[in-house]
Amino acid sequence: MKHDPSRCMRCGACVNVCPSGTLELEEGIIMGDGCVGCLACAAVCPVDAMGCQDEV
């Protein structure tokens, strides 16, 4: 997964749907270890700030 902080509006939608609890919202999105690559975060992101390495 990759996060683009320039697009992120810090709404927290990705954090709320992450099944592995890998994402945290502080001053920005923090991606910890344990991402299962389900793309749930990318599906709910309203500004396409989350995605696969090649998409963002």
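What you have is a predicted model, where local features need pLDDT of at least 70, side-chain atom pairs count only at pLDDT 80 or more, and totals for chains, interfaces and linings use all residues. Residues are numbered from 1 along each chain as its sequence is written, and side-chain values use heavy atoms, with hydrogens and water left out.

Let's start with the overall layout. The protein has two helices and four strands, where helices (H or I, at least four residues) and strands (E, at least two) are DSSP runs numbered from the N terminus. Reading from the N terminus, the order is β-α-β-β-α-β.

How do the residues pack? Of the contacts (heavy atoms within 4.5 Å) with a separation of 6 or more, 50% are between residues 24 or more positions apart. Buried residues make up 27% of the 56; here buried means under 20% relative accessible area, exposed means over 50%, and partly exposed is in between, with a 1.4 Å probe and protein chains only.

Now zoom in on the loop between strand E1 (2–3) and helix H1 (13–17), which is where Pro5 lies. Pro5 counts as partly exposed because its relative accessibility is 49%. Its C-alpha atom is separated by 20 Å from that of Cys38, 33 residues apart along the chain. Arg10 has its place in the loop between E1 and H1 as well, and it is partly exposed with a relative accessible area of 41%. Leaving out residues up to four places away in sequence, Arg10 touches Pro5, Leu25, Glu27 and Gly28. Ala49 is 39 residues from Arg10 in sequence, yet the C-alpha atoms are 9.8 Å apart.

Side chains of opposite charge can pair when their charged atoms come close. Searching the whole structure for salt bridges (a side-chain nitrogen of Lys or Arg within 4 Å of a carboxyl oxygen of Asp or Glu) turns up one. Arg7 and Asp4 form a salt bridge through their side chains, at 3.5 Å from N to O. Arg7 is partly exposed at 39% relative accessible area, whereas Asp4 counts as buried at 17%.

The whole structure holds two cavities of 30 Å³ or more. A cavity is a set of points on a 1 Å grid over the protein atoms alone where a 1.4 Å probe fits but cannot get out, and lining residues have an atom within 4 Å of a point. Grid points are joined across faces, edges and corners, and a volume is the space filled by probe spheres set on the points.

The largest cavity has a volume of about 110 Å³. It is lined by 15 residues, with Met1, Cys18, Cys35, Cys38 and Cys41 closest to its centre. By class, that lining has 12 nonpolar, three polar and no charged residues, where Ala, Val, Leu, Ile, Met, Phe, Trp, Tyr, Cys and Pro count as nonpolar, Asp, Glu, Lys and Arg as charged, and the others, Gly among them, as polar. The second largest cavity has about 60 Å³ of space. Of its 13 lining residues, Cys8, Cys11, Cys14, Cys45 and Ala49 are the closest to the centre. This second lining divides into 10 nonpolar, two polar and one charged.

Note on methods. 1 Å grid on protein atoms, 1.4 Å probe; cavity = no way out; pocket = protein on both sides within 12 Å on 5 of 7 lines; lining within 4 Å.
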